[in-house]
Amino acid sequence: MLICTGLPPPTPASTSSAACTYLTQARLKRQPDIQLPGGKCYIRDLAVVSQDMLLVSNNSKQRVQLLDCMKGEVVSVVQLQEQPGRMCLTDRNTAAVDVGYKKIQMIQVKDKTLTKGRELTVSESIRGLTSSRNSLVVSYGSQPWLEVISMDGKVLHQFDKSGKSQHFKDPAFMCTTPGGSVFISDNCTNTITKVDGQLNILQTFTSPLLEAPCGITAVTEDQILVCGYSNHSIMLLQPSTNTMSTLLGKDDGIEDPFSVTYCPDQKKVYIASYKTDTIKVYMMS
């Protein structure tokens with residue numbers, strides 16, 4: 001399914017409305033689901049480690065699991081003291097995981113084995129987490145809203161509070177493009193915001209299709225996939241043309257999508273609802 005809505009693309013500005021063009025049409029072809037062993041769980045986030053390996057943030061079981069996608073088997077587990085939330089890779093061998101109030105747990109991934117690394121402390125309770133240019137970008141549910149921190153926990157940049165504190169209400173999910181831009185979904189304002197490495201706002205996207213946007217991932221610099229939690233959809237945002245289109249909906253089996261990630265090696269998209277043990281897999285073309 002492909003639905004597009006909006007107005008003609010506006011002239012470049014800091015705030016843009018999503019619009020309808022068909023310069024690039026992505027397609028998602030259904031692949032066999034992956035059943036996460038161990039029964040029903042709360043999947044908070046997903047991250048691709050390699051073409052066959054997927055990290056799963058399993059909130060209900062307080063663990064991060066390394067999943068072999070080809071075999072459908074969990075090959076390694078890190079048990080945590082707190083419930084894990086958002087997660088990102090800082091490189092192919094290291095993941096950063098939100099593990100409760102003001103804490104980030106680093107996890108090493110080597111030889112299909114997960115081990116705990118150092119722990120970082122941040123300013124507030126974490127809402128979103130991604131990495132960009134050898135740093136971590138962290139979002140919060142209140143001021144300072146966004147921070148860029150070094151891998152040893154030093155604050156490098158903060159979102160400018162003056163006159164902009166109402167821009168965000170719940171910047172709960174983030175992703176980074178190959179070029180280093182960061183996209184933030186806010187499920188309270190129903191917006192997607194693009195910022196640079198110094199947290200300057202570059203664009204803000206709105207659309208009638210955006211209803212409680214949650215998980216977000218970058219396929220390319222100009223293809224951003226967004227989970228529409230309330231309207232049970234997977235949407236494609238194309239920043240260069242201010243386009244927002246629906247790729248998958250409830251008729252395609254999508255229900256309450258919460259997290260999404262993309263594997264560039266196999267061009268596969270992995271989608272999980274919050275309260276599920278099933279990860280849906282699609283081939284992107």
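This is a predicted model: local features need pLDDT of at least 70, side-chain atom pairs count only at pLDDT 80 or more; totals for chains, interfaces and linings use all residues.

Colleague: Is Cys69 buried or exposed?

Modeller: The cut-off for buried is under 20% relative accessible area. Cys69 has a relative accessibility of 12%, so the class that applies to Cys69 is buried.

Colleague: What is the distance from the sulfur of Cys69 to the nearest cysteine sulfur?

Modeller: The nearest cysteine sulfur belongs to Cys263. A disulfide would need the two sulfur atoms within 2.5 Å. Cys69 is in no disulfide, and the distance to the sulfur of Cys263 is 8.0 Å.

Colleague: Which cysteine sulfur is nearest to that of Cys263, and what is the relative accessibility of Cys263?

Modeller: Cys263 is in no disulfide either, and its nearest cysteine sulfur is that of Cys69. Cys263 counts as buried because its relative accessibility is 1%.

Colleague: Why is strand S16 described as largely enclosed by the rest of the structure?

Modeller: S16 spans residues 171-176, which makes 6 residues. The strand is largely enclosed because the number of buried residues among them is 5.

Colleague: Which residue is the bridge partner of Cys175 in S17?

Modeller: S16 pairs with S17 (residues 182-186) in the antiparallel sense, over 5 bridges. The two strands form a hairpin with 5 residues between them, and Gly180 in the turn has a positive phi of about 100°. The bridge partner of Cys175 in S17 is Phe183.

Colleague: Which strands are at the edges of the open sheet of 4 strands?

Modeller: The order in this sheet is S8-S9-S10-S11, with antiparallel pairing. Two strands pair on one side only, and these edge strands are S8 (87-91) and S11 (113-121).

Colleague: By how much are neighbouring strands of this sheet turned against each other on average?

Modeller: The average is taken over neighbouring strands of the sheet. With direction ignored, the value is 30°.

Colleague: How many helices and strands does the protein chain have, and what share of its residues counts as buried?

Modeller: The protein chain has 0 helices and 26 strands. Of its 285 residues, the share that counts as buried is 55%.

Methods:
Residues are numbered from 1 along each chain as its sequence is written. Side-chain values use heavy atoms; hydrogens and water are left out. Buried means under 20% relative accessible area, exposed over 50%, partly exposed in between (1.4 Å probe, protein chains only). Two strands pair if DSSP finds at least two bridges between them. Axes are lines fitted to C-alpha atoms, for helices over the stretch in contact, and angles run from 0 to 180 degrees between N-to-C directions.
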